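Reader: I'd like a close look at one part of this model. Please keep it brisk.

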Amino acid sequence: YLIRNQISVDVTRGDLVWGLALFGLGMGMVMSQLMNVLLSDVPVEKAGTASGVMTTMRTLGGSLGTAIIGSILITTMITSIGTGISESNKIPQEMKPVVSELIEQHTQSFGSESAPSENRIPPEIAMEVVTISNAAQVDANKKAFSWTIILMALTVVVSFFMPKHAADKENPMLMTKE
C-alpha cells in the first residue's frame, strides 16, 4: 500500500525506501517462520515430502501471481497509452494513426532487437508520447499494486475458511491437532 501510494512520474529511490523496507521486513519475518508452522504437525517421516509440496506450491503461487499481475500491468499500460494518444490535444488528429501504428510496432517487438528505428514523429509529438507513456506506466503500476492488495486480502479471507485439522484416513493415529 505504501509503495503503491508513492508511485508517480517523478518518484525517486528515496520515496520508495520506507515501503520497500517495510515489505522486506514483513516478508522476512513471515517467510522464515511459515515453513516451521506449516510443518510442525507433520510426522518426521513425511517431513521431506511435505516440505517439497510446500516449496512447489510456493513456487507455483509465485509464478501464477507474477503472470496474473504482469498481465494486468501490460494490458493497463497498452490501453492507457492508446487512450492517452487518442485523447491528446498536443498530437494532431492526422498524426494519431501514425503514432499509434509506431507504438503498436514497438510493443510487438518489445524485448527484441528489431524495434522500429524509423522516426516519422516530430520531436514535440515524441515528447508528448513519452509523457503519455510515463503516465501510463504509473497508472499500470498502481493498478497492478491494487490488484495485488486485493488478491492478498482475498487470500487472508480464504485462509479463515480452511479446515483447522485433518485426519489421515489410513492411519488415524497421525491426526493433526488444532
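Reader: What is the volume of the largest pocket? Please walk me through its lining, then the surrounding chain.

Author: The largest pocket has a volume of about 1600 Å³. This is a predicted model, where local features need pLDDT of at least 70, side-chain atom pairs need 80 or more, and totals for chains, interfaces and linings use all residues. Numbering starts from 1 along each chain as its sequence is written, and side-chain values use heavy atoms, without hydrogens or water.

A pocket here is an open set of points on a 1 Å grid where a 1.4 Å probe fits, with protein on both sides within 12 Å along at least five of seven lines. The volume is the space filled by probe spheres set on points joined across faces, edges and corners.

Now the lining. The largest pocket is lined by 35 residues (each with an atom within 4 Å of a point). Phe23, Met27, Thr148, Met152 and Thr155 lie nearest the centre of the pocket. By class, the lining splits into 24 nonpolar, 9 polar and 2 charged residues. Nonpolar covers Ala, Val, Leu, Ile, Met, Phe, Trp, Tyr, Cys and Pro; charged covers Asp, Glu, Lys and Arg; the others, with Gly, are polar.

Those helices belong to a chain with 5 helices and 0 strands. Its pattern along the sequence is α-α-α-α-α. Helices are DSSP runs of H or I with at least four residues, strands runs of E with at least two.

Valine 17 sits in helix H2. This valine is partly exposed, at 43% relative accessible area. Buried means under 20%, exposed over 50%, and partly exposed lies in between (1.4 Å probe, protein chains only).

Helix H3 holds leucine 73. Leucine 73 is partly exposed too, at 23%. Beyond residues up to four places away in sequence, leucine 73 touches Ala140, Asn141 and Ala144 (contact means heavy atoms within 4.5 Å). Lysine 142 is 69 residues away along the chain, yet its C-alpha atom is 8.7 Å from that of leucine 73.

Next, the largest nonpolar core. It has 13 residues. A core is a set of buried Ala, Val, Leu, Ile, Met, Phe, Trp, Tyr and Cys residues joined through side-chain atoms within 4.5 Å. Ile85, Ile91, Val99 and Ile125 have the most contacts inside the core. H3, helix H4 (96-108) and H5 each give two or more residues. H5 has the largest share, with 5 residues.

Isoleucine 85 is in contact with Ile91, Lys96, Val99, Ser100, Ile103 and Ile132, leaving aside neighbours within four places in sequence.

Methionine 95 lies in the loop between H3 and H4. Methionine 95 is buried, at 17%. Isoleucine 125 is 30 residues away along the chain, with 8.8 Å between the two C-alpha atoms.

Finally, the whole chain. Of its 178 residues, 18% are buried. Among contacts with a separation of 6 or more, 56% join residues 24 or more positions apart.
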